[in-house]
Amino acid sequence: MGKTWVVFKREYLERVRSKWFLIATFLGPVFFGFIMVVPIVMAAKTKTSSQLANVLILDATGTELGNRVAKSLASNNPTSPAPRVRAIKAEQIAQAETTATADVIGRQAIGYVLLDANTIAGKEMRYAGRNATSLVDVQSITSAVRTSLLTMRLENEGLNAQRVTMLTSVRLEAKTEKIDDRGREKASGLTSLFFGYAVSFLLYIMIAIYGQSIMRGVLEEKTNRVAEVVIASVKPDVLLAGKILGSGLVAVTQVLAWLVMALAMYFVRIPILKAFGAAPAMVGGAINLPSIAPHVGVALVLLFILGFVFYASLFAAVGAMVSNQEDVQGAATPVMMMLVSSIIFMQAVMLNPSSTLAVVISLLPFSAPIMMPMRMALVAVPWYEIVGSLVSVGLGCWAAIWLSARIYRVGLLMYGKRPTLRELSRWIRMA
C-alpha cells in the first residue's frame, strides 16, 4: 500500500504541476462557454440574405404566383427591390433554365426559382443558385412560395386570404415542467435535457483525455526504459494501480476546478452576454438546474469512478503492448470504438430516454458510464436499473483490471513489433 501511495502521489503531482494542466483548467471553462454562447448569439442574429433581391423567378404556372412570391420576398427586406419575374410557358422551361444558369454564371443573378405545374399541385419548387447551400435563404424562398401558393388557393375559393392568415398564424411557446417522485421540478424539461447532455459529454471528455494520457505515459516510460528501473522496486500491478488512481484524482481535481469557475461565470453571465450583443430575453433571469436525489448523486460518482477505471485500465494495457507512437493509435482503436459508441447513441437516448434501446445501452459496461447519467438527468430511472448498471460496470471494471494487469505485467518489458492476438493470449496465460 505504501508503494502504491508513492506512485499515486508522483503521478498526481507531476500531472497537476504541468503547464498543460494549468492551461486546460483555467481556459477550459472559457472555451466551453465560448462555444456555447457564440452559436446562440450568432443564431439569434442570423437573418435572410439581402441577395434574395437578385433572385430570378421563372414562372411557368400561367398564374400570378411568381409576382406573389416576388412581393413576399421583398417584404422580408423592405430596403431591397423585389426579385425579377420571368413569365414563361411550360415548353420553354429548359431554355429558360439555360438562360438563367448563364445569368448566374455571369453574376447577373444570385440564383433562380422555377415555379411550374408541380408547384401549383403543392408538390415541389426548384431553386438553383450560388447560395443553394444557405439554409436560411432556401428556407425563406420556400416559405415565400408556400405562403403565396396558399394565399392564391384561398382567394380562388372565394376566401379572404389575409383574414385566414391572421386567424391561423398562432405561435405557441411550449413551457415544459418535469415531475418526478418528489413532485414538480423547478427546472424546465429543456434545462434537464441540456444538463443531462452536459454531464454525459463531460464524463466522455474526461475519460477520453485522461485515459489516453495514461496510455501515452506508459508508452513514454517504456520507450525511455524508465519502466525497467521502476519495476525493479515496484510490482507492475502496484505501478498500474498508482497510475490509474493518480490520473483519476487529477481528472476529479480538474472537474471541480471547472465547476467552481463555471459558477463564477454564471454569476457574471449578464455582462458577458450583453457584451456579445445578446437580446434581453436571452440574458434572462436565473437558471433553475434540475435537482438531484442523493442516491442519484452517489450513482453518478460511482459510474464516473468505475467508468474511468474501466477505460484507464484498457488504455494502460494498450500503452504496455506497443513500443512506438506509430502502433499506439492502431492498438487503441478498439478501446476508442467502445467509448465512441456511447456518443453515437446519445441523440437516440436524449429523444427517448425510456426506450428499450436506451435501457440496453445504459446497462452495457462500456456505455453505461456515459448513458446512464444522461438518463438519470432526463427521467426517473427505476432503482433496479441503476443497480444493474452499477453491477454491470463493476463486473466490466473487474474484468478490465484483470486482463490489463496481466498484459501490463508482461508487455511492459516487451519490445519490438505489436503483439498479435495469439501472443496476447500467451501473455495473459504467462502472467
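Student: Which residues of β3 point one way from the strand, and which point the other way?

Tutor: In a regular strand the side chains alternate between the two faces of the sheet. A strand here is a DSSP run (E, at least two residues), a helix likewise (H or I, at least four), and both are numbered from the N terminus. In β3 the residues pointing one way are Gly 111, Val 113 and Leu 115, and those pointing the other way are Tyr 112 and Leu 114.

Student: What kind of model is this?

Tutor: Residues are numbered from 1 along each chain as its sequence is written, and side-chain values use heavy atoms, with hydrogens and water left out. Local features need pLDDT of at least 70, side-chain atom pairs count only at pLDDT 80 or more, and totals for chains, interfaces and linings use all residues; the model is predicted.

Student: How many of the residues of β3 are buried?

Tutor: Buried means under 20% relative accessible area, exposed over 50%, and partly exposed in between (1.4 Å probe, protein chains only). β3 is largely enclosed by the rest of the structure, because the buried residues number 5 of the 5.

Student: What is the order of the strands in the open sheet?

Tutor: Two strands pair if DSSP finds at least two bridges between them. β1 (residues 55-59) and β3 are parallel, over 5 bridges, while β3 (residues 111-115) and β4 run antiparallel, joined by 4 bridges. The pairing in this sheet of 4 strands is mixed, and the order is β2-β1-β3-β4.

Student: Which strands stand at the edges?

Tutor: An edge strand here has a single partner strand, so one side of it is left without a neighbour in the sheet. The two edge strands are β2 (84-87) and β4 (126-129).

Student: What is the relative accessible area of Arg 107?

Tutor: Most residues other than glycine have a negative phi. Arg 107 has a positive phi, near 60 degrees, and lies in the loop between α4 (93-105) and β3. Arg 107 is exposed, and its relative accessible area is 63%.

Student: How many residues of α13 are buried?

Tutor: The expected span of a helix is 1.5 Å times one less than its number of residues. α13 (residues 294-321) reaches 41 Å from its first C-alpha to its last, close to the 40 Å expected. α13 is largely enclosed by the rest of the structure, because its buried residues number 20 of the 28.

Student: What distance separates the C-alpha atoms of Leu 395 and Phe 310?

Tutor: Leu 395 lies in helix α18 (residues 383-411) and is exposed, with a relative accessible area of 57%. Leu 395 and Phe 310 are 85 residues apart along the chain, and their C-alpha atoms are separated by 9.6 Å.

Student: Where α6 ends, which residue with a positive phi follows?

Tutor: Helix α6 (residues 135-156) has 22 residues and reaches 31 Å, close to the 32 Å expected. Its buried residues include Ile 141, Val 145 and Leu 149. Phi is near 85 degrees in the residue that follows α6, Gly 158.
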